[in-house]
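The entries follow in the order I checked them.

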Amino acid sequence: MREWKVGASQSGALVVSRGVTIVGSLSVEGDVLVEGTVDWDVRCGGLQIAERGAVEGLIVAESVVVLGEFMGMIYARELVLGAGCAVEGQIYHNKLVLEEGSYFEGKSRRHGDPLLIAPAEEKRGSARDGLRARAA
């Protein structure tokens, strides 16, 4: 699992800073650190949702560390729900760590390689069109 230093920006990682909101799909080959908000899909190598960060939608990543808030579906080979996090939804993982004080409400399923069962990336006209379809 990737070594994430809590509270520090990761060298070479895409950082969604506090106060920034991304509405739409985010697809990155490397790592992503979310200190702000992402509303839709995140596909990346490694993802950390910081203590004040939030993601709603779908996450597909090799490894995920949640310290903040998440609602939706996660597909990750390695998943850590840190103390103080709030996660609601469905998680598919090969390795799961629940730290004392983490909050998880939903379904958890272990799979040999959850990335193989993750939904394919959809081609969307625009994020706004996708949000309208998702809300309907």
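I started with Asp113. At 17% relative accessibility, Asp113 counts as buried. My cut-offs: buried is under 20% relative accessible area, exposed is over 50%, and partly exposed lies in between, with a 1.4 Å probe and protein chains only.

This is a predicted model, where local features need pLDDT of at least 70, side-chain atom pairs count only at pLDDT 80 or more, and totals for chains, interfaces and linings use all residues. Residues are numbered from 1 along each chain as its sequence is written, and side-chain values use heavy atoms, with hydrogens and water left out.

Next I asked which residue Asp113 pairs with in a salt bridge. I found Arg77, with the closest N and O atoms 2.9 Å apart. The pair links distant parts of the chain, 36 residues apart. Arg77 sits in strand E7, while Asp113 is in the loop between strand E9 (103-110) and helix H1 (127-135). I take helices (H or I, at least four residues) and strands (E, at least two) as DSSP runs, numbered from the N terminus. A salt bridge here is a side-chain nitrogen of Lys or Arg within 4 Å of a carboxyl oxygen of Asp or Glu.

How many salt bridges does the whole structure hold? My search found two. Arg77 also forms one with Glu62, where the closest N and O atoms are 2.3 Å apart. This pair too links distant parts of the chain: Arg77 in strand E7 (residues 69-81) and Glu62 in strand E6 (residues 54-66), 15 residues apart. I noted Arg77 as partly exposed at 26%. Glu62 is partly exposed as well, at 32%. Shared partners join Glu62, Arg77 and Asp113 into one network.

Then I turned to Arg43, in strand E5 (residues 37-49). Arg43 is buried yet has no salt bridge. Its nearest side chain of opposite charge is Glu121, 4.3 Å away. I counted Lys and Arg as positive and Asp and Glu as negative, leaving out His and the chain ends. Beyond its neighbours within four places in sequence, Arg43 is in contact (heavy atoms within 4.5 Å) with residues including Leu26, Val60, Pro119 and Glu121.

Last, the cysteines. Cys44 is buried at 9%, and Cys85 is buried at 2%. A disulfide is a pair of cysteine sulfur atoms within 2.5 Å. By that rule I counted zero disulfides.
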